[in-house]
Amino acid sequence: MPPVGQTGAQQSYGGQTPPPPPSAPPTAGGGFSSPTTYAKGQPTPPRGTRTGGGTPGQGGQGGQSRRPGGGPGPAGGSGGGGRTRKARLRVVKADPWSVMKVSFLLSLAIGVIIIVASAVLWMTLDGLGVFDSLSSTFKDVTGSDSAGAFNLMDYIGFGKVMLFTTLIAVVDVVLMTALATLAAFIYNSAAGFTGGIELTLAEED
């Protein structure tokens, strides 16, 4: 009659010889031996002795297991051409104070440009002798060379022209500022009924 242990082993493993007891797990290649992993009765090598370790394939697997496993990240910028983002906005109110300041500065700049342009134009025409030719033409037409005859330079002299240009520039500053401010009030009133001007802004990536 077979022993009870042998009968149980045959029943557990289908009548085959049971496998031998597991040996110590192989250590990673190039590591030091651990005294706690050896089986009973197996001689322990001196402390600090390098063990053979597993096969190079196992060592490579161990090294790979410690590496973070992850596929390559998504390639940046691979998704077709640039997109265009659009936003629809409405101008529902224009601040009259800011409109007045901006319009005043713009009208003042325009007034300065008018004065400078008038001065440059007058000096250019005077240098070309246009005013002398006009004066002589008027004298020939009227036929009077006396001192009290008509003198064109009394009306189109540099002082007269600059004074007239300065008056025009001042009127331009006052009118443009007042009209722009009034337009802001009118726009705010109209935007309250209609919702304001709708704008579509586009931004390319």
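A salt bridge is a side-chain nitrogen of Lys or Arg within 4 Å of a carboxyl oxygen of Asp or Glu. The close-up views below show such pairs in a predicted model.

**View 1. Salt bridge between glutamate 198 and arginine 88.** The closest N and O atoms of the two residues are 2.3 Å apart. Glutamate 198 belongs to strand β2 and arginine 88 to strand β1, so the contact ties together parts 110 residues apart in sequence. Glutamate 198 is partly exposed, with a relative accessible area of 35%, whereas arginine 88 is exposed, at 63%.

**View 2. Salt bridge between arginine 90 and glutamate 198.** The N to O distance is 3.8 Å. Arginine 90 sits in strand β1 and glutamate 198 in strand β2, and this pair links distant parts of the chain, 108 residues apart. Arginine 90 has a relative accessibility of 51% and counts as exposed, because the cut-off for exposed is over 50%.

**View 3. Network of Arg88, Arg90 and Glu198.** Salt bridges with shared partners join these three residues into one network. Glu198 takes part in the bridge to Arg88 and in the bridge to Arg90.

**View 4. Salt bridge between glutamate 203 and arginine 85.** Here the closest N and O atoms lie 3.1 Å apart. Glutamate 203 is in strand β2 (residues 197-204) and arginine 85 in strand β1 (residues 84-91); the pair links distant parts of the chain, 118 residues apart. Glutamate 203 is partly exposed at 45% relative accessibility, and arginine 85 is also partly exposed, with a relative accessible area of 47%. In total, the structure holds 3 salt bridges.

Definitions and conventions: Residues numbered from 1 in each chain as written. Predicted model: local features only at pLDDT ≥ 70, side-chain atom pairs only at ≥ 80, totals over all residues. Heavy atoms only, no water. Helix = DSSP H or I, 4+ residues; strand = E, 2+ residues; numbered from the N terminus. Buried < 20%, exposed > 50% of the residue type's maximum accessible area, 1.4 Å probe, protein only.
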